[in-house]
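Let's take a friendly walk through a protein and look at how its charged side chains pair up. Have a look at the sequence and the fold before reading on.

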Amino acid sequence: MLLVTSRESGRWVIPKGNFANTVSPHSAAAQEAEEEAGVRGAVCPTPLGTYRYRKRKGSGAALMADVEVFPLSVSEELSDWKEKKQRKRRWFSLSDAANAVEEPDLRDLIRSFNSSEFNQVARRTSVLSVVAEKSKVGPMFAWFQRLLPKTGGFFELFEAHAVAITGAGDAIGRLIQGGPAMHENAREIYEREHDADEIIREVLKTVRQTFLTPFDRSSITALIGAMDDSIDEMQAAASAIELYEVTEFGQEMKDMAAIIVDSARLVAEAMPLLRNVGDNGTRLHELTERLVRMEGHADEIHSLGLKAAFQTHRDGNAIEFIVKRELFKHLERIVDAFEDVANVIDSIVIEHS
């Protein structure tokens, strides 16, 4: 997590500021991040939460201020920005970031964003290395493991698939920002989808061959199927963007892409928690609740975007409207697939917690 210092006291804070009613809150948050911290990226329009702190005014009065916090996935760090000479910026681990800030509510909010399992899963490593790292068995116990009925490496496969989803989600966020690297971002999505295809084939084969499974077989196939649907639609969106040579995207598409980035993050956090549903049921429910809430928000954005596109092109270029409608369709299906993932996880929690 990136923090900056305040201009007055030099304490560590998140970028923030007031905004005019003509700008949406999450767009204002992205603008503050660029001006104060010199970073750009996809900002999710669904807030993480709020916190309160006491802000000292120029008059000397210290008044309470309410802050709404939005997650921004950083894709670009600027070498020069508006407040570079007025602030310092620094990347912290999430636990260190929570300890660095002074506001108790913000500290709790940062901690709720944290998951040591997610940090491990989200590293940019190959799928095979993730599986190998997570399935290590000490040589002294390997012989004993071979005597047991096969239980399959389902958790390792779920987590490896989440790595592919997270990488593709980040690439979707960058792709819909536009710019000269669009083809490279699209190519990463294709590669991540290929990784995911290999994993789902391994899951389906393992389901058939495994004597003991951690969950009901139908839950395993439903979970990996919903996850795979999300990355398949990411590939479809990237293919449509390249096919129709789309290079500019409206704010509604950027907002939906940012929801996809954050949804992928939540799925990646949830997968390791499935190893112990009993202990992690509460956190899993928190994650799925946010996924469902973001899907509802994405539906609203989708409707607004389609309406705006129709009004723009109703008397003009019908082909342009058809292209935008198709892109919106793929983005909506990605978010719908993440909601399906949330529903399957909820059913597993109900059955096993």
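Which residue forms a salt bridge with Arg87? This is a predicted model, and in it the partner of Arg87 is Glu36, with 3.4 Å between the closest N and O atoms.

Now move along to another pair. Glu159 and Arg275 meet through their side chains in a salt bridge of 2.7 Å, N to O. Here the two partners are 116 residues apart, with Glu159 in helix 7 (residues 154-175) and Arg275 in the loop between helix 10 (251-273) and helix 11 (277-313). Glu159 is buried, at a relative accessible area of 0%, whereas Arg275 is partly exposed, at 38%.

Helix 12 (residues 318-352) and helix 9 are tied together as well, because Arg333 lies in the former and Glu233 in the latter, 100 residues apart in sequence. Their side chains form a salt bridge at 3.9 Å, N to O.

Salt bridges can also join up into a network, as they do for Asp262, Arg265, Glu269, Arg283, Glu286 and Arg290. In the whole structure, a search finds 20 salt bridges.

Finally, stay with helix 9 (residues 217-243) and look for Asp228. Asp228 is buried but has no salt bridge, and the nearest side chain of opposite charge, Arg201, is 8.1 Å away. Beyond its neighbours within four places in sequence, Asp228 is in contact with His161, Ala196, Asp197 and Ile200.

How values were computed. Residues are numbered from 1 along each chain as its sequence is written. This is a predicted model: local features need pLDDT of at least 70, side-chain atom pairs count only at pLDDT 80 or more; totals for chains, interfaces and linings use all residues. Side-chain values use heavy atoms; hydrogens and water are left out. Helices (H or I, at least four residues) and strands (E, at least two) are DSSP runs, numbered from the N terminus. Buried means under 20% relative accessible area, exposed over 50%, partly exposed in between (1.4 Å probe, protein chains only). Lys and Arg count as positive and Asp and Glu as negative; His and the chain ends are not counted. A salt bridge is a side-chain nitrogen of Lys or Arg within 4 Å of a carboxyl oxygen of Asp or Glu. Contact means heavy atoms within 4.5 Å.
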